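Here are a few friendly notes to read alongside the model. Please keep the structure open as you go through them.

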Amino acid sequence: MDPTSTFRLRDVSALTGSLAAFAIVALLIVSGTATQDVMAASGLVTDFVGAGDTIQINFTRVGGSDNIDYSIKLPKQSNVVEASLNVTGEDIFIGNQFKSFKSAFDFRAGTKTNLIYDTSGLHLDMDTLAPFWPGSKKTTGSNPRDVVGGDFNNDGLDDFVTVNYDSDSATVYYQNNQGKMITKTTHATSDQPNCVDVGDFNKDGRDDFAVGSYTGKKVDFFYQKATGGFTKYSFSVNLNILGLATGDFNNDGLDDVVLATYGKKGVTVLQSRSGGFSTGQSITVGESGQYYYYNHDVHDVAVADFNGDGRDDVVFATAGLYTYNYDRNLYGKVKFYYQTSSGTLSYKTYVNGWTGCWNIAAGDFSGDGRPDIAFSQAYVNKVKVYYQTGGGGWTGPTNLGGDGRVYRLDIADFDGDGKKDLAAASAKPTLLLYKQSAGKVSTQAKKFDLPASGTGRAVGHGDFNDDGFIDAVTADGGANSASVFLQRLEYDGSFISARIKQPLPIRYINFTYGMTSRGGTTAFYYSLNGGSDWMAFTNGSLVDLVDRTDSYWIKITYHSESASRYDSVKWVTMNMTYQTFPSNIYIDLGRDNMIEWNNSGELIGSETVDDLADSLTEYVQNTTHYADADGYVTIPMEIYSKTPGILHISDLRIVYNNASRRPELVFPRDKGFVNATPTINFYANDTDNDRLKYKVQITSTNFIDSFNTMSFDMRYALYDEIEGEGFTAPDFLQGVVATFTLPEAYQLMDDTTYKWRVFAFDGYLMSRPSPTFIMKVDSHPPMGHASSPRYSNELNFTITWAAEDVMPGSGLAPAGTYDMQFRRSTEPTWNDWLLYTSDTEAVFNGEEGVTFYFRMRARDAVWNEQLFIGGKGDTQTTVDTQAPTVTFSDMPGFQDTRTFLVRWIGSDFVPGSGIRYYDVQVKKEDGPWMPWQSEFKSSQAVYTADADKTYHFQARATDQGGNVGEWSEMFSVRIDATPPLLDLAPTIPLDGEPTWGDLEGLTVVFAFRDPESGIRSVEVTVGTERGLFDVMPPTLFPYPEDGTLYLTGLPLINSYTYFVGVRAENQAGAWSSWEWSDGVLVAIPGPEATMSYPEGRVSDTRILVEISVVDPRDYNVTLGDLRMRSATMSGDDWTWSEWQRISN
């Protein structure tokens, strides 16, 4: 044992500071001089260099992070056994962190809560004020076009009436004393009512209404009756009416109407004091041929006192129609007609109406006491307004945004602020409200939805719930309804800020704000969770958040009972105080960017930092880190915090000695593969030359996870209960490779990654752990197979094999990778052929006619063996060295067609490999052999000849083993596609007789010839007509050498005529056409009969007649006929009777 080990202490934890110092001094004395190789004895370090046993660090940087450096000293070449310290986090407060919102507008309550926060501060758009409650739908007639409010039952409450274009009607809704529109009446009008206005048209002080009809060309006056209901009076103007307005147009104090009619006319209809109406003025308002062929036609009319003389004036809206383009209304004019003192309308002036000038309204919506005008632009979806100036002139136009095509407009105080606003109906469908403010109406409308199926055609006004405030009503064309919008008397809204995020956690917030109160109710809130919970605060509130946060939200809510009474919030300021602890701390020993310890988030309280021993040992043992004159290495220590705070570092404890060096791992290599019970090798060096015991640790997670970590410590067991398991010796010399095999009981899981490391124990101290290696378990064998030719035409042939270890496997074994076996197909037993070979092919010595089966198995790098496959193994080869033969099958030597089937038969020797394909050659006459079929699989094929010649065929076969046979014997065929030729037509020889006299048969004579193949046979038939085979069907006969055939057994009948047909067949099978003889009559002479009977008179009633019959051909007589007749005498004359048959 090295004498320097005199100062080794078994219980290092018992060392005191002085004892540690003594140990160091003693070591230096023994070693003599301080060098780079000085070996450290056991010792204990508890102080930081220049800082004692405790460090206090104040991190103060608010917007970033701080690094602080300290250091530790250790003897060169120390083995650090234990190293730990304690870190404690403490908070600091950072105050006066301001965040302000400044209001670009006064806050005003509305229906929208998604108010905008941006770099300008808090914004509440004035147009978010919503003066109406959502519309209430009321059913009307079909397609209402206009609406107007009035008291139509004289109860002091406002009602309204719509005119319904498609149902030729007017619908009146009445308000009850609870402020509800629940009763309606319907009244017939003239065709296609288009516009309506209210007035007293019969001087009775009650509200009536007038309806202008387009197709009806009338004004229908509905007089309110004292008992309720209406009396209708129709006045014809014979013009299509587009617009209608009420006023006094002859200064007589009575309500008249003015009409805008299709074309160019404006017409007044004047009320008579005696009752009824008459036509007043007919004014040509429109123009022809103006502005480059633009015609201006009248579309609408409005009434106001434009010059302040107390008399009603008129303004017409005209739209231009381009002469050459009738499908669009274009430029227009707005034309003013002022009433003279004599009670007539006189043209005054005009302003431009621009594109699609359509519907018009007049009224004071600037608050200066002078009427202004507004009109819709049908084709550009806008509203234009002109404001009247003090001198009676006009300024404008000002464009107002629309929402689809805009129709009729109305003017009234719709928000209860005492100022008239502008409203319009649009095709979107929406109700558009342009609020008056600062002498003008807003250029963007507040929009209110109408029924989705409709089109906003007109808007009217009135107090429809008897609350003293003006409400609105719309005519919803297409939806067959009217929508009532009641003015709101209360307004609620809110502002919610965007997320207010700070770089550090906030503990305290002091809220202040500036606000001008105008009679509303305003409340302020904050939220720490995005709006799920809100807490109220007041001006000057100091809020303790306790749990701290880096984000919060501000909400301001508003309540007002009038559109003009709301509070104005000017600004909101938050003075925040941050409370912060050091966070995301890391400690880097050696300033090498290898972090030894770090925490995530804030450090509140204390934590122990351990497991620093490896890093300290590596640093002091690194050859590039030099010792000072006293043999010590200074280890820099970088300490980092992301956020401000106070960090205390204390309780430093470093225990070191000259224990064994950390073990070195030999096998398996890092990130290598092992089987389920791996054998591992390792060693450690010990400067004291001690015998070492080892502890092996294997884990599937990490080594602090005791549940998934296996430890095998030689100090307690060798784990060798079964031979070949555990450690191979009770201890090992230092520097000698030790071996440990994992016991079967602890086998590893397949396809799992494990970490392993080793500790060395020298009898006193355990070394630092070895580096941690990773091993991947591979318990699956590789997969492979052998390959061979299916057939071999040589006795010796090559077998190949290959395998693959499926990724992520360990790979094939570098040596002894394969085993090969074979067996004969007739034997059940497998035979070893090649064992533990690394080759992947070899030549096998086979036997003729034998089928061999082959199989292989492979091993991987961790010696997992593939299982041999059973049955026929991986592959098979049949040895076949004999060539096959071919013969042509039985085929005729002649063919009657140039296209014919050729057949052949192949034969391979048993047990051969079988025919693989054929090669067939052909030659014509004595010509050369030519290929016909090559590598042909079938044993027959159709051949087409090019001439009537003799063709020769030969074939050979190739078997599956590649053996090529000899050419077969030649097969020849003669092509005769020409049928036999007729030399002598069929003839029945009569030998000079006119008829044929033989009932037993017929003789026929004929002659055919065939120069190519000769005549083989004939077919003969007999019929009673040419082409008829009714006596003897076609019958085959050998061709007679002399050309004569006697046909026997024919059912010939006397006195019938018969024909004989003949055709010939040549040797190739070709037939001639049928050839027919002339017809012959069969006539056979009958038997000759004689008879005798008594002559003269007889006295008997019976007469004996004797008959004798002779047949010249000796035929049997089978039938006869005997007849008689009698005569009677009258005077000298005899009269004979008809012949009568008396026997047969």
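This is a predicted model: local features need pLDDT of at least 70, side-chain atom pairs count only at pLDDT 80 or more; totals for chains, interfaces and linings use all residues.

**Notes on domains and cysteines**

1. In domain 1, 37 residues make contact with 43 residues of domain 2. Together the two domains bury about 3500 Å² between them, with carbon and sulfur atoms giving 55% of that area.

2. To find your way along the protein chain, domain 1 covers 17-108 and domain 2 covers 508-622. The division goes on with domain 3 (652-716 + 732-777), domain 4 (782-879), domain 5 (885-973) and domain 6 (981-1082).

3. Which residues form a salt bridge? D69 pairs with R591, and their closest N and O atoms are 2.5 Å apart. One salt bridge is found across the interface of domain 1 and domain 2. That interface also has 13 residue pairs in polar contact.

4. On the side of domain 1 that touches domain 2, the elements giving two or more residues are β3 (66-75), β4 (79-90) and β5 (92-102). Of these, β4 gives the most, with twelve residues.

5. Now to the cysteines: how many disulfides are there? The count is zero. C195 is in no disulfide, and its nearest cysteine sulfur, which belongs to C357, lies 16 Å away. C357 is likewise in no disulfide, with the sulfur of C195 as its nearest at 16 Å. For a disulfide, the two sulfur atoms would have to be within 2.5 Å.

6. Are these cysteines buried or exposed? C195 is buried, at a relative accessible area of 0%. C357 is buried too, and its relative accessible area is 0%.

Methods
Residues are numbered from 1 along each chain as its sequence is written. Side-chain values use heavy atoms; hydrogens and water are left out. Buried means under 20% relative accessible area, exposed over 50%, partly exposed in between (1.4 Å probe, protein chains only). Domain bounds come from an automatic or database domain assignment. Contact means heavy atoms within 4.5 Å. Buried area is the accessible area (1.4 Å probe) that two parts lose on being put together, summed over both. A salt bridge is a side-chain nitrogen of Lys or Arg within 4 Å of a carboxyl oxygen of Asp or Glu. A polar contact is a pair of N or O atoms within 3.5 Å; within protein, one must be able to donate a hydrogen and the other to accept it, and residues adjacent in sequence count only if both atoms are side-chain atoms. Helices (H or I, at least four residues) and strands (E, at least two) are DSSP runs, numbered from the N terminus.
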